[in-house]
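The paragraphs below walk through one protein chain, from its overall make-up to single residues. Keep the sequence and the structure in view while reading.

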Amino acid sequence: MPSADFEEHTAGGPGSDAPSPREDRQDKGKAVATEEAETNEDDYYEPGIAPSINDSLSVPAATEADNDSIEPDRWTDDEGYAESTSTRYLSSIASDIRRGVEENGRLYAAYGMHKTWLPIDDEELDRNDLQHYKFTLLLGNRLFICPVPSGPQKILDLGTGSGIWAMEVADMFPSAEVIGVDLAPTQPNLIPPNLNFEIDDIENDWLWGDNKFDFIHARELIMAIRDWPRLFRQAKRALKPGAYIQLGASVPHFSSDDGTLPADSAYLETAQIYFDMSAKVGVSGMEPLSWTKYLQEEGYEDIVQKMYKIPTNPWPRDERLKKIGALELTHYRDGIMNVFARGYKEILGGDETYFQVLMARARQEVMDRNMHSWVPYYVVYARKPGVLS
């Protein structure tokens, strides 16, 4: 397969400093789906199984009952789940990154209208891939839940990160042109032939033209978008009439259905730090709750919002939710500190010693399966008025 076509999607033209990722990221998204997506009478997928999740098809799919109270599992102290979680679900995927700013031992994107608070090094790419697996399981082994035409011609993935979602959707629709856009070229160099990666800040003016895309996707744009109405306005112009946009985001408004999340929890305090950071830089962490309003104001139709519960650790009895909880535990305990570490000091001017003590307490709390807490994950999709031709 060809090397990735990285483009500087700006007035400056193609960048001369191309990335050279290692080949151990090349196999991402190359598994073949074991089940074909069904097509309804309107020629829409309802939607297809993700290619990389075929090893999980024995796990029950999500249902509408997922929003109900989750039944906790019975367990014993000698199961040793905490020690095995990080290695059991982690895949070791690495890449060399030539662009970025090194700070506090981590690498951050050097390009963009605003300073980014997420690293772009191997550790962050591993977190991104784990998050993809978690969210795909959460959606019932699916890459998307909105109606997508059975033969889409052009698909856009905003904030593509490691590129794993874009690679899998390119495999799902081999006749479609798929574009993944991000601030930094951290994606692999062996990709499906119908996929291209571009470097751009999606808060700049879009240059893709009007009425171009059959589907626009965005997920977990953490502390990245300051003007959601403008983004939805640009997306509406770029979509073909009748085409859909789908967005997903977890909001760290931690909850429990049985009162087992203490009000004085360090875990809850870390969530407040996130909201304080995001508010101070003008990217409110509560914005996903306003997406439906913004979409209505921009004139979208058939707007749907769904909320899914992400267990904090493997406390649920349900096997699928248990696996999702294990992934979330790894994400929080071993990954999310990357977001907080830079922001707590530079945005809030916080005391580093206090932060380290707080995170140590929070890590201990999230490993307790007697604390039946969960994180809400919102998926919103909407259709541009008109009929897709």
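The model is a predicted one. By that definition, Asp302 lies in strand 12, which covers residues 301–311. Asp302 has a phi of about 50°, a positive value, although this residue is not a glycine. The cut-offs for burial are under 20% relative accessible area for buried and over 50% for exposed, with partly exposed in between. Asp302 has a relative accessibility of 44%, so this residue counts as partly exposed.

A positive phi in a residue other than glycine is also found at Glu220, where the value is near 50°. Glu220 sits in the loop between strand 9 and helix 4 (228–238). With a relative accessible area of 15%, Glu220 is buried.

Now take the chain as a whole. Its secondary structure comes to 9 helices and 13 strands. The chain has 389 residues, and buried residues make up 57% of them. Among contacts in the chain with a separation of 6 or more, 77% are between residues 24 or more positions apart.

In soluble globular proteins, nonpolar side chains tend to be buried together. The largest nonpolar core in this model has 64 residues, and the members that touch the most others are Phe144, Ile155, Val169, Phe173, Leu195, Met223 and Tyr267. Helix 5 (residues 266–280) supplies the largest share of this core, 7 residues.

The buried ones are Ile164, Trp165, Ala166, Met167, Glu168, Val169, Ala170 and Met172.

Aromatic rings come next. The structure holds 13 aromatic pairs. One of them joins Phe144 and Phe215, whose ring centres are 5.4 Å apart and whose planes are at 65°, an edge-to-face arrangement. This pair links distant parts of the chain: Phe144 is in the loop between helix 2 (122–138) and strand 5 (148–149), while Phe215 is in strand 9 (residues 213–219), 71 residues apart. Phe144 is buried because its relative accessibility is 0%. Phe215 also has a relative accessible area of 0%, so Phe215 is buried.

In another pair, Phe254 and Tyr267, the ring centres are 3.9 Å apart and the planes are at 5°, so the pair is stacked. Phe254 lies in the loop between strand 10 (239–250) and strand 11 (255–256) and Tyr267 lies in helix 5, so this pair ties together parts that are 13 residues apart in sequence. Phe254 counts as buried at 11% relative accessibility, and Tyr267 is buried at 0%. Ring pairs also link Phe144, Trp165, Phe173 and Phe215 into a cluster.

What is the angle between helix 5 and helix 9? Helix 5 packs with helix 9 (residues 352–366) at about 125°, and the axes are 8 Å apart. Helix 5 is therefore oblique to helix 9. Their crossing is left-handed. On the side of helix 5, the residues that meet helix 9 are Ala266, Tyr267, Glu269, Thr270 and Ile273. Their counterparts in helix 9 are Tyr354, Leu358, Met359, Arg361, Ala362, Glu365 and Val366.

Two single residues complete the walk. Lys154 lies in strand 6 (residues 154–158). Is Lys154 buried or exposed? Lys154 counts as buried, because its relative accessibility is 18%. Leaving aside neighbours within four places in sequence, Lys154 is in contact with Ala176, Glu177, Ile179, Lys212, Phe213, Asp214 and Phe215.

Leu295 is found in helix 6 (residues 291–297), and at 0% relative accessibility Leu295 counts as buried. Not counting residues up to four places away in sequence, Leu295 touches Phe232, Ile245, Tyr300, Ile303, Val380 and Ala382. The C-alpha atoms of Leu295 and Pro229 are separated by 7.6 Å, although these residues are 66 residues apart along the chain.

Methods
Residues are numbered from 1 along each chain as its sequence is written. This is a predicted model: local features need pLDDT of at least 70, side-chain atom pairs count only at pLDDT 80 or more; totals for chains, interfaces and linings use all residues. Side-chain values use heavy atoms; hydrogens and water are left out. Buried means under 20% relative accessible area, exposed over 50%, partly exposed in between (1.4 Å probe, protein chains only). Helices (H or I, at least four residues) and strands (E, at least two) are DSSP runs, numbered from the N terminus. A nonpolar core is a set of buried Ala, Val, Leu, Ile, Met, Phe, Trp, Tyr and Cys residues joined through side-chain atoms within 4.5 Å. Rings of Phe, Tyr and Trp (its six-membered ring) pair if their centres lie within 6.5 Å; planes under 30 degrees apart count as stacked, over 60 as edge-to-face and the rest as tilted. Axes are lines fitted to C-alpha atoms, for helices over the stretch in contact, and angles run from 0 to 180 degrees between N-to-C directions. Angles under 35 degrees count as roughly parallel, over 145 as roughly antiparallel, 65 to 115 as roughly perpendicular and the rest as oblique. A crossing is left-handed if the near helix is turned anticlockwise from the far one by less than a right angle, and right-handed if clockwise. Contact means heavy atoms within 4.5 Å.
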